[in-house]
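This briefing summarises the architecture, confidence and selected local features of one protein model. Please read it alongside the sequence and structure shown below.

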Amino acid sequence: MAAGALWGLVAALETHRGRDRAVRALSYGCQLAGAALPGPGGLPGGLLAASAQLSSCRTALRLFDDLAMLRHSCSYGLGPEGEDALVRGLSVLCNVANQLYYPCEHLAWAADVGIVRAASQKWWTRSTALWGCALLLGILRYGRDGHGDGPALAAGSLRILFQLRRKLSQHKCSTSPQRQQKLRAQVKAELLSILMDTADLSNAIHWLPPGFLWAGRFPPWLVGLLGTISSLIGIYQASRGANSEAA
């Protein structure tokens with residue numbers, strides 16, 4: 001069993017998404033630990049510096065994610081005809097916000113490193129606002145594939161959650177135990193997706209310019225805690241998905 005878990009970890013780290021999840025969790029974990037430990041220098045300062053470098057690493061790797069997002073947006077289109085109309089509309093808007101997120105972040109990064117002449121902070125603000133919009137739409141409609149600090153690609157939402165709970169209550173006596181168990185597992189997955197997106201949305205609002213809701217008011221340890229919670233949920237859901245595919 002331990003050997004299987006080890007090989008599963010190795011297989012996950014060999015993929016872009018798996019490695020991104022691990023780097024994200026490590027980055028937020030370092031921020032949480034560095035902010036929670038006493039003292040500005042020494043180990044706490046080193047952990048915060050490591051967190052910043054890991055975050056910069058993820059930003060650079062996202063330079064190559066545009067086409068993957070475009071493929072997802074094109075494959076979804078206006079959504080399947082049999083899907084709920086509101087869910088389809090929210091999904092399309094979410095895809096648009098996700099698609100615009102990438103070039104805004106790329107311009108902000110390019111301005112920071114001096115490739116282009118632009119006010120990088122404006123582009124960082126725009127990319128963060130688009131990420132927040134995508135997360136909010138994700139909570140209303142659908143969540144993500146553990147991507148984190150960026151677009152949402154998979155399912156998980158309040159509306160879908162309500163639909164699943166209605167199915168459970170309406171067909172409690174007529175459905176088989178296996179079907180009920182599957183629906184309960186889907187409800188659990190939706191709840192975790194909503195919790196994950198809510199944690200990220202809280203951080204996204206914090207990173208917006210001061211004056212909007214709680215922007216700029218979170219202490220570093222709280223940012224690290226929310227990011228760590230979101231990252232661990234994403235890793236858990238990805239591992240559950242991999243196990244179900246293997247089965």
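**Overall architecture**

In this predicted model, contacts between residues at least 6 apart in sequence include 60% that join residues at least 24 apart. The protein contains nine helices and zero strands. The points below treat the fold as a whole, then the confidence of the prediction, and then individual elements and residues.

**Fold and surface**

- Along the sequence, the secondary structure follows the pattern α-α-α-α-α-α-α-α-α.
- The protein has 247 residues, of which 41% count as buried.

**Confidence of the prediction**

- The average pLDDT of the protein is 85, and 82% of the residues score at least 70.
- Confidence is highest in helix α3 (residues 42–61), with a mean of 96, and lowest in helix α7 (residues 158–170), with a mean of 67.
- Residues 143–147 have a pLDDT below 50, and this stretch makes 32 contacts in the model beyond near neighbours in sequence.
- Residues 152–156 likewise have a pLDDT below 50, with 26 contacts in the model beyond near neighbours in sequence.
- Where pLDDT is low, predicted coordinates should not be read in detail.

- Leu6, Trp7, Leu9, Val10 and Leu13 make a nonpolar surface patch of about 490 Å².
- Leucine 6, one of the residues of this patch, is placed in helix α1, which covers residues 2–13.

**Helix α5 and the residue after it**

- Helix α5 spans residues 85–113 and has 29 residues.
- From the first C-alpha of α5 to its last, the helix reaches 43 Å, close to the 42 Å expected at 1.5 Å a residue.
- Glycine 114 follows α5 and has a positive phi, near 90°.

**Leucine 213 in the loop between α8 and α9**

- Leucine 213 is found in the loop between α8 (177–206) and α9 (220–246).
- The phi of leucine 213 is near 50°, a positive value in a residue other than glycine.
- Leucine 213 has a relative accessible area of 47% and is therefore classed as partly exposed, because that category lies between the 20% limit for buried residues and the 50% limit for exposed ones.

Technical notes:
Residues are numbered from 1 along each chain as its sequence is written. This is a predicted model: local features need pLDDT of at least 70, side-chain atom pairs count only at pLDDT 80 or more; totals for chains, interfaces and linings use all residues. Side-chain values use heavy atoms; hydrogens and water are left out. Patches are made of residues with over 30% relative accessible area and no salt bridge: like charges are joined within 9 Å, nonpolar side chains (Val, Leu, Ile, Met, Phe, Trp, Tyr) within 5 Å. Accessible areas come from the Shrake-Rupley method with a 1.4 Å probe; for residues, only the protein chains shown count as cover. A salt bridge is a side-chain nitrogen of Lys or Arg within 4 Å of a carboxyl oxygen of Asp or Glu. Helices (H or I, at least four residues) and strands (E, at least two) are DSSP runs, numbered from the N terminus. Buried means under 20% relative accessible area, exposed over 50%, partly exposed in between (1.4 Å probe, protein chains only). The expected span of a helix is 1.5 Å times one less than its number of residues. Contact means heavy atoms within 4.5 Å. pLDDT is the predictor's confidence in each residue, from 0 to 100.
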